[in-house]
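Below are my notes on the model you sent, arranged as numbered points. Please read them with the structure open beside you.

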Amino acid sequence: MKRLINLQPAPPLRFILGLLPLVLLVLLYVWASDARLAANPVDKLLPSLGQFADAIKLMAWEPDKRSGDILLWVDTLSSLQRLAIGIALSALFGLMLGLVTGALPLVNAGFSPLLTLISLIPPMAILPILFIVFGLGELSKVALILVGVGPIIARDMQRQTREIPFEQLVKAQTLGANSLQILTGVLLPQLLPRLIGSIRLALGTGWLFLIAAEAIASTDGLGYRIFLVRRYMAMDIILPYVAWIALLALIIDQGLMRLNRRLFPWYQSEGGR
Amino acid sequence: MIQINNLWKRYGDTSVLERINAEVKEGEFITLVGTSGCGKSTFLKLLLGTEQQSQGELLLDGKPIPAEPDRHRGIVFQQYSVFPHLSVLKNVMAARAFAEGRISALLLGRRRREARAEAEALLESVGLSHVLESYPHQLSGGMRQRLAIAQALVLKPRILLLDEPFGALDPGIRGDMHELILNLWHQQQLTVFMVTHDLKEGFYLGTRLWVFDKIRHDPQAPQAFGATITYDIPVGRTERKIYEEIDNQLRPVAAV
Ligand SMILES: Nc1ncnc2c1ncn2[C@@H]1O[C@H](COP(=O)(O)OP(=O)(O)O)[C@@H](O)[C@H]1O
Ligand SMILES: [Mg+2]
């Protein structure tokens, strides 16, 4: 018998092992929900699967009585738009700042203390400032994501820039490259796949700030809806929304991974995941 | 061409190199050997300009050698010398793009065609014609070093620095690499400095062999003294006795 740490599951077994806890969880839920509903038919804490189906149908297929919109899609669209703009701005900001501070010691000396300080401030603490400065509209939500995620990406990009072997920078200089050419021709192209990796890691934080901002001041969005229906203890809506957010996050993550493989084939065996 | 007068290199309290004096003529092929950590790479860095001496003079054509790498001094490291995000062909063409002041490592139009032809010819001479579109990670270690050599030679540097370029390669492949580097040295009339840990390589390849070693020792403070050139011999007519003497000094193990 091999040691436990050396036992590798074969592919079908691996799949079953992965699915098993999920199935158990669902079974456990159904059992608990049945028990509660049997004791009290109007219990709202653990809705039955049928109640979920009704709620999903209501949110995802039937137009809202007041606005005529199909709420799930409106919410999804607004949230994804905020997230996309916020993450895109963070990525741009993080890439630029990480590149110049990572590559140019002079710039680093100027910016690094400030960047460290800023990334120590809990972004939620300055949300009121963002509301005051940018109003309650889209801008403040995007700004919160930028404040929360931008520094994370910038510091990661700075580290990644420094990890590109010094030999390459020397080599470029012996080929007559100036500083700008090294930044744009050697470092920047090698940072792009790393940026996508960095975005994948930072997206979780991005969602956090998105939902927080929507919960506090918004009129639509996935986070807004969850916090709105919480007042009616509408678990039959909240749980499908949470599952939907998780699914969206998974799709975005996998999409970025594939994009990375497609765009930067040279990176994958370079230590890229 | 190169004049070295009483050169010292220290890092803080640590002396790495001391009292180095030498003169090198255009076209010489100097191999550098010495124990690991004795300062061979440091010496190349001084020649390259990424490090500066603490004391003494390092002159190129009578003037202090530029304190920053430039296109007149090519380098091949043991690894990480090529750009992983560029294909074999683009790795070589990049040199031309940099030299012509392009912002990215890319060229356009006629310039591009010329650079491409030049790169293809050079890659042909190092035996990489069949992998022009591959990325470095798809190449074997030997092919990657061939690429690094081709890349270092595009702009026709006067001096070529090689820091254990074949250290990570199989002995079988090294023979081919030796032939390659000797051919290129002849064709391009380079002045070559090559660090190697293989004494045979040192004797076989160059026109001149330098051995770096410490001649002064302080048992209380091993870092107090640096290495200097203990042998400076023209190779090709070396006596067996000297070979064994040096071999013994570098690897004090009983010969079998
Ligand atoms: N930047 C540095 N700062 C301090 N010590 C260094 C630095 N670079 C090299 N050294 C020291 O200089 C010595 C010589 O290093 P190196 O030239 O790389 O040796 P070699 O190439 O002969 O193996 C080593 O003891 C190393 O620790
Ligand atoms: Mg070395």
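1. Chain B is divided into domain 1 (1-72 + 160-256) and domain 2 (82-156), the bounds being those of an automatic or database domain assignment. The C-alpha centres of domain 1 of chain B and domain 2 of chain B lie 28 Å apart.

2. As to the basis of these notes, this is a predicted model, in which local features need pLDDT of at least 70 and side-chain atom pairs count only at pLDDT 80 or more, while totals for chains, interfaces and linings use all residues. Residues are numbered from 1 along each chain as its sequence is written, chains are lettered from A and ligands numbered from 1 in the order in which they are written, and side-chain values use heavy atoms, with hydrogens and water left out.

3. Between the two domains of chain B, 13 residues of domain 1 are in contact with 13 residues of domain 2, where contact means heavy atoms within 4.5 Å. The area buried between these domains is about 1200 Å², and carbon and sulfur atoms give 69% of that area; buried area is the accessible area (1.4 Å probe) that two parts lose on being put together, summed over both. Of the area that domain 1 of chain B buries against domain 2 of chain B, Arg71(B), Leu180(B) and Gln188(B) supply 42%, more than any other three residues.

4. Across this interface of domain 1 and domain 2 of chain B the rule finds 0 salt bridges, a salt bridge being a side-chain nitrogen of Lys or Arg within 4 Å of a carboxyl oxygen of Asp or Glu. On the side of domain 1 of chain B that touches domain 2, the largest share, 7 residues, comes from helix 5 (residues 171-188) of chain B, helices being DSSP runs (H or I, at least four residues) numbered from the N terminus.

5. Turning to the two chains, the contact takes 33 residues from chain B and 22 residues from chain A. The area buried between chain B and chain A is about 2300 Å², with carbon and sulfur atoms giving 69% of it. Pro84(B), His85(B) and Phe98(B) supply 28% of the area that chain B buries against chain A, more than any other three residues.

6. Between chain B and chain A, too, the rule finds 0 salt bridges.

Note on methods
Helices (H or I, at least four residues) and strands (E, at least two) are DSSP runs, numbered from the N terminus.
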